[in-house]
Amino acid sequence: MKLQVFAVLFVIAGASALPAASEVVVVDEFQYQLAPKNQVVDQIKWTIELISNILQGLGLDPVEWEGSELNIEIPFLLKFNAFLENFRYAGISNIEIHNLEYDRFINKLDLDVSLPEVIFEVGDSGLYINVLSFFEILDAEFRGSISLKSIRVAAEVSVDINIIGGISLRSLSINFSLGGVESDLTFKLNNLDFSGLFNDFFNETVNNFFEEKEDQINKSLEIVVGIILRIIWAF
């Protein structure tokens, strides 16, 4: 049965794109108490755990880099310095299952998964360019973090299955939500401080956008995923 493909699409959508402390991914255990159990649910759980393990195995979660520095100096002509320290990106493999049920009698799948937090951190970074010893073209510094809270996708899909095993989509409902964006950035450029501008954009503008456009986002996801599922199930 191809319903597990549906779960993969939504895990990617809720992540996208991509546990820091362990090689083992713990999938929420509460669904193992559901009765009756069925193969579709087990396959979807297995697929979600596989995605988590692949992301960790490829070194995509967490991504940690102590940093490096580049210095170029040509006397009286050019001075160039760029550095990055303590970069960290984590959270895309920590997939939690809040609800996962498949009713084999009416062929309906309920799926609710989330990423509790995806975080980007930069300990410190900078870029400095000086030409002809006196013309300072660029002097920039950047540090801080951005955290995406509770990226969550809940979906309900109903299908029709014919006597030869073909699947057609009967109905599809998607609810994508973002718990919030928290930004604590410092960004300075040529002695001008743009930190407030950046933080206001992420803390207010981005959060307001997801709240105001929730219905449009969900409808767009339903259209795109519905098309993808119909193409997959056509083969």
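User: How many salt bridges does a search of the whole structure find?
Analyst: This is a predicted model, in which local features need pLDDT of at least 70, side-chain atom pairs count only at pLDDT 80 or more, and totals for chains, interfaces and linings use all residues. Residues are numbered from 1 along each chain as its sequence is written, and side-chain values use heavy atoms, with hydrogens and water left out. A salt bridge here is a side-chain nitrogen of Lys or Arg within 4 Å of a carboxyl oxygen of Asp or Glu. Searched in this way, the whole structure gives a count of nine.

User: Which strands does the salt bridge of Arg 88 with Glu 64 link?
Analyst: The closest N and O atoms of Arg 88 and Glu 64 are 3.3 Å apart. The two residues lie 24 residues apart, in distant parts of the chain. Strands (E, at least two residues) and helices (H or I, at least four) are DSSP runs numbered from the N terminus. Arg 88 belongs to strand E2 (residues 78–90) and Glu 64 to strand E1 (residues 63–74).

User: Is Glu 64 buried or exposed?
Analyst: Buried means under 20% relative accessible area, exposed over 50%, and partly exposed in between, with a 1.4 Å probe and protein chains only. Arg 88, its salt-bridge partner, has 25% and is therefore partly exposed. Glu 64 has 56% relative accessibility, so Glu 64 counts as exposed.

User: How many bridges join strand E3 to strand E4?
Analyst: Two strands pair if DSSP finds at least two bridges between them. E3 (residues 96–103) and E4 (residues 108–131) run antiparallel, and Glu 101 stands opposite Asp 110 in E4. Their hairpin has four residues between the strands, and Asn 107 takes a positive phi near 55 degrees. The number of bridges joining E3 to E4 is seven.

User: Which helices each supply at least two residues of the negative patch?
Analyst: Glu 211, Glu 212, Glu 214 and Asp 215 form this surface patch of negative charge. Patches take residues with over 30% relative accessible area and no salt bridge; like charges are joined within 9 Å, and nonpolar side chains (Val, Leu, Ile, Met, Phe, Trp, Tyr) within 5 Å. Asp 215, for one, is found in helix H4 and counts as exposed at 55%. The helices are H3 (195–212) and H4 (214–233).

User: What pattern does the chain follow along the sequence?
Analyst: The secondary structure comes to four helices and seven strands. Of the 235 residues, 35% count as buried. Read along the sequence, the pattern is α-α-β-β-β-β-β-β-β-α-α.

How values were computed
Areas by Shrake-Rupley, 256 points an atom, 1.4 Å probe, with all protein chains shown as cover. Lys, Arg positive; Asp, Glu negative; His and termini not counted. Charge placed at Lys NZ, Arg CZ, Asp CG, Glu CD.
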